[in-house]
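User: I am new to this model and would like a close look at one residue. Please start with the chain as a whole, then say where that residue sits and what surrounds it.

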Amino acid sequence: MTSCRTLFLPLLCLNLSLAPMPLVAEAMVFGIGSFDGQNADFEQESNLYNTPQYYAEPGDYTAIQGNFGFGENFAGPGAELWQDGPNGTVDPGDPGSAHNWSVSLDGFPRALTGGRPVVDIFFQLGETEAASAALLLEADLFALGANSSHDLTFYFNNVPFYRQLGIRANTPLKLYVAKNQPGIFFNSGGNVLSVRRTGGGLVDPLGPNSQWIQFDALRLTAEVTAPTELIWQIGYFNNATTEFEQEQNIYNNPQYFAAAGDYSGVQGKAGRGGVHAGPDPEIWKDDGADPAASTEGFPRALVPGRPAVDIYFQMTPAQAQQDYLSFKTILFSLGANSTHDVRLYLNGTPVGVVPHVTSNRQVELLIPRQGVTAPGMGPVFHAGNNVFSIARTGGGRVDPMGVNSPWIQFDALTLSTALAPADPAVPVAAWRTLFSVGYYNSAGSEFEQESNNYNNPAFYTAAGDYTTTAGMAGVGEVWEGPDPEVWQDGPLATDWNLSPNGFPRAVIKADWGRPAIDLYFMADAAAAAGSALFNTKLYGLGAGSSHDLEFYINGEPFHGQTEIMADTWITAPLPAGKLLAGPNVLSMVRTGGLNTDTAWIQFDQVELVSQAAAALPAFAVTEVTRSIAGDVVLTWQSVAGAKYEVMTAPSLTGLRTALAIGLDGMAGTTSFTDSNIPANTTRRFYWIVRTQ
């Protein structure tokens with residue numbers, strides 16, 4: 001296993017005898033309440049006591065629109081008070097109380113409810129604060145109405161930047177507002193931050209009385225260094241898809257370009273990319289009243305007829321050196337009573353599975369780069385061209401005669417760089433694609449027809465000697481490669497018989513002679529030791545036919561399905577110990593069914609992935625010291641015989657420089673001394689990675 005921990009190291013903290021060095025100064029923009037687990041310093045949320053608009057600083061906000069509405073000219077001289085009381089006076093309308101909240105409509109409402117779902121906080125940013133790359137919002141949400149749940153959306157200058165679903169317990173939030181998020185701008189002067197309760201569970205189905213979620217405190221800080229850097233964002237977290245186009249070929253295609261580039265050599269799950277001249281990202285939706293004005297635009301949903309979308313994007317060298325990426329989306333607004341299985345891929349490697357989605361689902365995924373969590377596991381991402389793919393690989397149909405109701409929609413999607421998890425025991429699932437043939441595009445045009453004239457039942461996904469490996473259609477041969485066998489000889493039917501290479505698009509009844517296909521592939525020891533998952537989509541059946549299929553790994557059956565009569569997704573785990581280090585063969589065999597003259601069943605895509613899902617091994621930096629001469633000594637937990645790499649950079653997103661490569665690990669702990677620190681360094685970041 002490979003482990004990675006990121007160490008943030010401001011040199012000033014290492015030895016107080018050193019001359020002070022300047023650090024970046026964070027500036028608190030506003031603080032409302034105290035983080036003390038209670039909100040007696042606020043007023044109740046009521047039109048009798050306050051309004052949904054709170055002024056953290058004096059200013060003219062009449063041109064600033066919050067989610068509740070435009071602000072006012074707040075004269076100050078200081079911040080609006082948090083509450084009018086208490087002053088010991090009993091309110092006649094609230095016997096037993098000792099407050100005087102109704103003196104004015106000033107004050108901060110302590111909660112969001114069904115009847116008062118929003119609060120706008122108006123404030124000022126100075127020029128330096130407005131120049132921040134990001135702002136940090138911290139809040140504690142607590143003391144919810146009994147058994148209630150809450151969906152919250154956060155807005156900056158009325159642009160939604162974050163959405164949290166299903167809050168059911170006390171929840172601390174730490175949200176970064178990045179200046180490069182679509183639509184976000186920091187004004188030098190007046191701004192507004194809004195929080196709205198957009199949904200949740202009703203404890204009292206007849207009214208909003210128990211739908212409250214309260215604030216302990218809120219704090220906004222400028223001039224901060226965010227632990228993530230946004231690479232792209234598509235759409236807004238606004239509980240709507242109006243900024244996207246409908247998922248139809250006349251409006252868009254399954255390929256979306258988040259940045260200019262030539263992606264013609266990049267393969268996603270819906271096909272190969274093309275060229276996007278840019279310079280801006282592709283539009284989310286065609287302007288005007290004609291959504292079919294072009295095929296640009298982002299499809300708002302996945303459906304059986306359009307089951308995949310590929311997002312092509314660029315990464316800078318600094319971004320590509322990060323060990324983790326963070327993907328976030330909300331899947332919502334499903335077709336009535338439908339279910340959905342969704343898979344996520346980065347550059348063809350699976351990075352996440354979202355199974356059996358039956359209602360709105362928040363997805364937050366930490367993606368380790370290949371080799372960070374286990375040798376060879378995880379996706380490759382790199383400077384330049386990349387593709388992130390989302391595919392609907394299964395689920396239930398509400399309308400068994402059509403495809404109109406099994407849709408699943410996107411609220412918004414983001415991809416960012418990210419730091420390593422702070423907790424060394426955080427489980428991170430790493431994946432590897434052992435083979436992937438075809439696209440999730442509901443078409444078989446990238447394959448060849450199933451005919452002895454065009455191909456044979458043996459397909460080779462990787463170079464190797466398979467002469468001792470027997471599939472269900474015969475014994476393998478030597479495939480010299482170096483690449484996988486082509487899926488087809490050419491784009492035209494007349495090119496199919498150029499060679500016997502190519503992947504047959506279907507299995508057919510035995511008396512037609514092509515009931516089996518063998519896929520030969522290679523696996524290393526790490527993949528063989530983990531678990532493996534086989535995925536395929538079966539579609540395009542011959543009219544009136546039915547099919548019994550059996551699937552084998554190295555000659556042993558591991559999954560069977562009978563009476564297949566419609567498009568079907570199959571996800572099947574391989575039995576433990578059946579995947580071998582070296583050559584393997586996976587076979588797909590039609591064993592029976594209704595033998596009409598059109599008894600074929602076709603493949604949309606076929607893939608096998610291996611997975612290592614385990615906690616990162618215990619790892620911690622045990623000591624950091626700095627000598628009088630200025631050398632920094634790093635000491636960390638280590639394993640004898642392991643290899644480590646030490647890297648440094650001037651910032652979290654800066655280019656990393658390797659200080660040590662192939663450093664031998666010792667039993668217990670290992671140390672490394674950095675004695676080449678540039679003069680006048682104010683802070684320095686270190687990464688320690690186990691590479692073997």
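Analyst: **The chain, then H150**

The chain has an accessible surface of about 28,100 Å², and carbon and sulfur atoms account for 54% of it (Shrake-Rupley method, 1.4 Å probe; for residues, only the protein chains shown count as cover). This is a predicted model, in which local features need pLDDT of at least 70 and side-chain atom pairs count only at pLDDT 80 or more, while totals for chains, interfaces and linings use all residues. Residues are numbered from 1 along each chain as its sequence is written, and side-chain values use heavy atoms, leaving out hydrogens and water.

Of the 692 residues in the chain, 53% are buried (under 20% relative accessible area). The chain contains 43 strands and three helices (DSSP runs numbered from the N terminus: E, at least two residues, for strands; H or I, at least four, for helices). Among contacts (heavy atoms within 4.5 Å) with a separation of 6 or more, 76% join residues 24 or more positions apart.

H150 counts as buried because its relative accessible area is 0%. Its side chain makes a polar contact of 2.8 Å with the side chain of R197 (N or O atoms within 3.5 Å, one able to donate a hydrogen and the other to accept it; residues adjacent in sequence count only if both atoms are side-chain atoms).

With neighbours within four places in sequence set aside, R197 is also listed among the contacts of H150, together with G199 and G200.

Conventions
Buried means under 20% relative accessible area, exposed over 50%, partly exposed in between (1.4 Å probe, protein chains only).
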